[in-house]
Amino acid sequence: MIREIFAGCKANAPNFNVQPEWFRESIGRAAGRFISSSQSAPLESEIEDFIAQLQTEDLYLAVACANGCERAWWEFDQMHRSYLERVARHLASTEINAQEVVDTVYVELYGTRVVDGERVSKFSTYSGRGSLRGWLRTVIWHSLVDLHRASHDEVSLDEMTENVGEGVAHANLAVPSLGGEDSMIDEITRHRYRSATVSAIESAFASLDDHEKLLLLYYHVENMKLREIARMAENKNSPLRDWFQRKSPTREKNPESRIHESTIMRWLEKSYGKVLKLFRTELGTKHSLGDEEIAICMELATQDLASRSLYKNLSAT
Amino acid sequence: MGQIDIRGEEMRVQGLLDRFLNLRFADEGVKGGSHLDEDSLTAFVEGNVGEREAGPVISHLVDCTYCLHVTSELAKLQAGFADEPVNAPVAESQPSRLSEILGGLMTKIFGTGDGVVFAHHESEEEAEEEEPKEDE
């Protein structure tokens, strides 16, 4: 199988002088990672499917570049440099930074580190699982982060985040004092309900499926738009796609049908429903609260925490 | 006691969840420990992580705010640059020497191109072609 793939790639790029063993080794590394990603041994057909899905043309170019083939480098430069520059300009704050990042990435791709007498090219870490362009976007992104950190090296990561986190969390959940003895009793009761509310919402979230957690985190923490989440699930091999289309009659009819924003919204709504159920159960069983007290918890939560609409991003799509 | 307003409660729990997640996860900063490598990040964002690998990757993303953020940024970037065509190499133009391109970059970045190994693979034919020139 690998021999056939290699022959196809070589026919398309006969000047790259890629040796079969380099290519085989590279696919072997990717397959090795695939095999070790789970404790159970994969079926032979699973490994074949995995290899068949690799971006082998991109991998062939990367292998040639990793081994210093000038023709491959020239083609890479022709095909991807302007794209890299546009991505870097889009991400970087100034034109100088963008150019600096592209230059740094080129040097990194070529490789300046020599291990056991051999130069280590960044290209050798590309496995072909994603597109070369996608991988380059990731490399550019990381280079920009490194560049940013290097230019702010007087500020540690801890210092950069010291104004956020738990301290802010407590501050935001703190309740302004109303004053007076009556209000003090009221305050103790409120505190009890608030503690129960926070604990219950934490438990409810923790009980969710990892897919559901990821969806909620992308939507609420990363502020991703529904269409951006949908796009991540567009590839027919995406595990997210499988999950979003679970139990969907449309999937059976047309497994390659598009994932719509409405599908993502429906899953968000399902997740909210699940959280609500778990939240109520937690308050009822662990905190022994009745329906009326749960209603008070909800009321307090509404007062304390600003609500955001589920439909916030629909208008932007 | 009146009926429970499920829809109203869902909206409330949504607001509560939103605030909780933002307080709990958004500002955790970069934790120590290992992160997903560029290859896995790219494969995940492009939807090329198969079912077998998906479990560990998704579990990691749920626990690691750094990788979660990187995948989110990369997904937005991917959407923004989705329609960019790949330039076909221009057949007429001549490849410039790799060592020249990189040598220029090294000088620009580090002030010198010294110390960088510019060994590169050459086919036997290329090596043979160049030898007589050196003799001349």
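Visitor: How do the residues lining the second largest cavity divide into nonpolar, polar and charged?
Guide: In this predicted model, the lining comprises two nonpolar, three polar and two charged residues. The residues concerned are G134(A), R137(A), T138(A), T42(B), V45(B), E46(B) and L74(B). Val and Leu count as nonpolar, Asp, Glu, Lys and Arg as charged, and Gly as polar.

Visitor: Which helices each supply at least two residues of that lining?
Guide: They are α7 of chain A and α2 of chain B. The largest share, three residues, comes from α7(A). The volume of this second largest cavity is about 40 Å³.

Visitor: What is the class make-up of the lining of the largest cavity?
Guide: Seven of its residues are nonpolar, one is polar and none is charged. H211(A), L214(A), L215(A), Y218(A), I229(A), M232(A), L240(A) and F244(A) form this lining. Four of the residues come from α11(A), the largest share. The largest cavity has a volume of about 40 Å³, and the structure holds two cavities of 30 Å³ or more.

Visitor: Why is the pair of R33(A) and D39(B) called a salt bridge?
Guide: The closest N and O atoms of R33(A) and D39(B) are 4.0 Å apart. The criterion is a side-chain nitrogen of Lys or Arg within 4 Å of a carboxyl oxygen of Asp or Glu, so the pair is counted as a salt bridge. R33(A) lies in helix α2 of chain A and D39(B) in helix α2 (residues 38-45) of chain B, so this pair joins two chains.

Visitor: What makes E53(B) and R129(A) a salt bridge?
Guide: Their closest N and O atoms are 2.4 Å apart; the limit is 4 Å, so the pair qualifies. E53(B) is in helix α3 (residues 51-63) of chain B, whereas R129(A) is in the loop between β2 (118-120) and α7 (132-151) of chain A, so this pair too joins two chains. Both E53(B) and R129(A) are buried.

Visitor: How far apart in the chain are E212(A) and K274(A)?
Guide: E212(A) and K274(A) form a salt bridge, with the closest N and O atoms 3.0 Å apart. The pair links distant parts of the chain, 62 residues apart, with E212(A) in helix α11 and K274(A) in helix α15 of chain A. E212(A), at 4% relative accessibility, counts as buried, and K274(A), at 35%, as partly exposed.

Visitor: Which residues do salt bridges with shared partners join into one network?
Guide: The network consists of R33(A), R129(A), D37(B), D39(B) and E53(B). Over all chains, the structure holds 17 salt bridges.

Visitor: Why is E282(A) called buried?
Guide: Its relative accessible area is 16%, and the term requires under 20%, so E282(A) is buried. E282(A) lies in helix α15 (residues 261-285) of chain A.

How values were computed:
Residues numbered from 1 in each chain as written. Chains lettered and ligands numbered in written order. Predicted model: local features only at pLDDT ≥ 70, side-chain atom pairs only at ≥ 80, totals over all residues. Heavy atoms only, no water. Buried < 20%, exposed > 50% of the residue type's maximum accessible area, 1.4 Å probe, protein only. 1 Å grid on protein atoms, 1.4 Å probe; cavity = no way out; pocket = protein on both sides within 12 Å on 5 of 7 lines; lining within 4 Å. Points joined across faces, edges and corners; volume = space filled by probe spheres on them.
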